[in-house]
Amino acid sequence: MPQRVERCFGCGGEADKDAVGLNKKLLGENVSKFFCLPCLAENLGVSVEDLLAKIEEFKAQGCKLFG
């Protein structure tokens, strides 16, 4: 079964599964509109590298949002 592709609320680009997981982790699990990593970084005032590091940190912690 193909994975559902989410579209970025900011730019219309693709928000991959890690970006969707990070949106849910940082903005709330019930969020229905997602940002790609560059747009999320811009909105949060951090770098994409910071977000990538957080994704790896959450994965290492076993967070279920990052299957």
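**Helix packing and aromatic pairs**

Author: In this predicted model, α1 crosses α2 in a left-handed manner.

Reader: What makes α1 and α2 roughly parallel to each other?

Author: The angle between α1 and α2 is about 25 degrees, and their axes lie 10 Å apart. Angles under 35 degrees count as roughly parallel, so α1 and α2 are described in that way.

Reader: Which residues make the contact between α1 and α2?

Author: From α1 come Ala19, Leu22, Asn23, Leu26 and Leu27, and from α2 come Leu37, Leu40 and Leu44.

Reader: How many aromatic pairs does the count come to?

Author: Two aromatic pairs are counted.

Reader: Why is the pair of Phe9 and Phe35 called edge-to-face?

Author: The ring centres of Phe9 and Phe35 are 6.0 Å apart, and their planes stand at 75 degrees. Pairing requires centres within 6.5 Å, and planes over 60 degrees apart count as edge-to-face, so Phe9 and Phe35 form an edge-to-face pair. Phe9 is in the loop between β1 and β2, Phe35 is in the loop between α1 and α2, and the two are 26 residues apart.

Reader: Why is Phe35 called buried?

Author: Phe35 has a relative accessible area of 15%. Buried means under 20%, so Phe35 is buried.

Reader: What makes the pair of Phe58 and Phe66 stacked?

Author: The centres of the Phe58 and Phe66 rings are 5.9 Å apart, with planes at 15 degrees. Planes under 30 degrees apart count as stacked, so this pair is stacked. Phe58 and Phe66 are both buried.

Reader: How do you know that Lys25 lies over the face of Phe58?

Author: Lys25 is at 4.9 Å from the ring centre of Phe58, and the distance cut-off is within 6 Å.

How values were computed. Residues numbered from 1 in each chain as written. Predicted model: local features only at pLDDT ≥ 70, side-chain atom pairs only at ≥ 80, totals over all residues. Heavy atoms only, no water. Helix = DSSP H or I, 4+ residues; strand = E, 2+ residues; numbered from the N terminus. Buried < 20%, exposed > 50% of the residue type's maximum accessible area, 1.4 Å probe, protein only. Lys NZ or Arg CZ within 6 Å of the ring centre and 35° of its normal. Axes fitted to C-alpha atoms, helices over the stretch in contact; angles between N-to-C directions. Parallel < 35°, antiparallel > 145°, perpendicular 65-115°, else oblique. Left-handed = near helix turned anticlockwise from the far one by under 90°. Contact = heavy atoms within 4.5 Å.
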